[in-house]
Amino acid sequence: MKSPVPDLAPSDGEEGEDRTPLLQRAPRAETAPVCRSARYNLAFLAFFGFFVLYSLRVNLSVALVDMVDSNTTTADNRTANECAEHSTPIKVLHNQTGKKYRWDAETQGWILGSFFYGYIITQIPAGYVASRSGGKLLLGFGVLGTSVFTLFTPLAADFGVGALIALRALEGLGEGVTFPAMHAMWSSWAPPLERSKLLSISYAGAQLGTVVSLPLSGIVCFYMNWTYVFYLFGIVGIIWFILWIWLVSDTPETHKTISPYEKEYILSSLRNQLSSQKSVPWVPMLKSLALWAIVVAHFSYNWTFYTLLTLLPTYMKEVLRFNIQENGFLSAVPYLGCWLCMILSGQAADNLRAKWNFSTLCVRRVFSLIGMIGPAVFLVAAGFIGCDYSLAVAFLTISTTLGGFCSSGFSINHLDIAPS
């Protein structure tokens with residue numbers, strides 16, 4: 001099977017040093033088929049791993065709405081009566097067996113934010129460890145630890161706010177290793193012209209996990225009680241861990257069932273990309289404008305993304321006045337759009353590079369601009385529409401959907417500028 005662009009010299013489809021600063025020119029290997037491919041099996045297992053991770057991350061956002069005594073929140077929230085009740089009466093009675101806590105809005109903010117105290121600590125150490133010992137075990141045990149801690153959430157809530165905050169911070173420590181570990185694995189598994197596809201597939205699991213867990217958490221809270229939300233997702237995470245340890249390998253060389261043809265295709269495509277240098281060039285990294293551009297882009301995008309991810313269910317309940325069932329479904333709609341956009345944008349980005357000869361630099365810049373400016377415009381607009389429920393959901397959905405373009409923009413640019 002011949003490459004669609006046979007005269008393309010650099011191994012990732014670039015033509016100049018400014019576009020591929022760390023890559024050397026080399027002949028491109030013939031593409032190994034996708035069918036029964038070990039690299040795509042890894043992508044789909046990673047997809048379900050990030051599905052579990054984000055289910056574990058966002059389930060508290062919905063459950064907290066049901067955990068808190070509504071009289072406490074209403075007394076503290078001066079805007080709660082700005083929008084009228086509009087939910088249609090529900091014939092099935094809401095299960096009220098779950099314990100209620102008198103946590104005010106400030107306390108809820110500390111609980112929801114505590115996850116990120118742990119999450120930020122393990123990011124850089126995880127990247128270093130993954131580069132030395134591989135990402136398989138690091139990612140696997142990160143998910144396992146988060147799943148086990150999630151099972152203890154109801155118990156921690158009974159012990160008090162401090163215990164729950166500490167538990168969520170420990171969950172953050174576990175999840176903090178996952179993205180660095182996955183990037184380390186893809187540096188050994190992803191052929192340059194398939195990077196956008198493979199990484200978009202694997203990380204799109206995060207969006208689908210949000211899409212499924214938000215409404216499912218609402219349903220579980222309504223018909224059972226909020227404690228079962230944590231038991232359900234914790235058990236699913238443990239099952240995924242078993243499959244991950246059984247089926248995945250750190251590199252193509254150590255994979256037991258990969259075909260010799262696919263192994264040669266991956267290794268030959270990466271042969272001139274991976275550095276033999278073992279020491280980390282800290283000073284050149286700190287002076288790199290490309291690296292700082294990625295850092296600033298990540299910070300800006302994540303500020304919006306995680307604010308919505310954490311507080312959208314609360315906004316739906318306290319401002320737009322949706323009930324717990326409607327809350328879960330409507331909070332999930334924006335992330336369904338983002339998931340679809342991530343999958344499609346990954347395909348589009350690689351097609352633009354491989355078939356249309358667009359430079360990687362151009363594709364990353366354009367997709368990042370769409371994924372940053374588009375969401376900002378619609379999110380700002382959502383702040384000026386008052387109690388127009390349909391328009392609020394529509395603007396939030398468009399904003400989050402357009403953010404999916406970033407998955408093929410700055411989110412993958414790490415592997416472009418530093419494949420090792």
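Over residues 110-130 the chain is 95% helix and 0% strand, with the end C-alpha atoms 31 Å apart. Helices here are DSSP runs of H or I with at least four residues, strands are E runs of at least two, and both are numbered from the N terminus. This is a predicted model, where local features need pLDDT of at least 70, side-chain atom pairs count only at pLDDT 80 or more, and totals for chains, interfaces and linings use all residues. Residues are numbered from 1 along each chain as its sequence is written, and side-chain values use heavy atoms, leaving out hydrogens and water.

UniProt, in an unreviewed entry, lists "transmembrane region" at several stretches, including 110-130 and 198-216; such annotations may be inferred rather than shown by experiment. Residues 198-216 are 100% helix and 0% strand, and their end C-alpha atoms are 27 Å apart.

Now for the rings. Phe, Tyr and Trp (its six-membered ring) pair if their centres lie within 6.5 Å, and the count comes to 24 aromatic pairs. Ring pairs join F115, F116, Y119, Y301, F305, Y306, Y335 and F410 into a cluster.

| Charge | Ring | Distance to ring centre |
|---|---|---|
| R57 | Y54 | 4.2 Å |
| R57 | Y119 | 4.5 Å |

Finally, I239 sits in helix 10 (residues 227-247).

Methods. Phe/Tyr/Trp six-rings, centres within 6.5 Å; stacked < 30°, edge-to-face > 60°. Lys NZ or Arg CZ within 6 Å of the ring centre and 35° of its normal.
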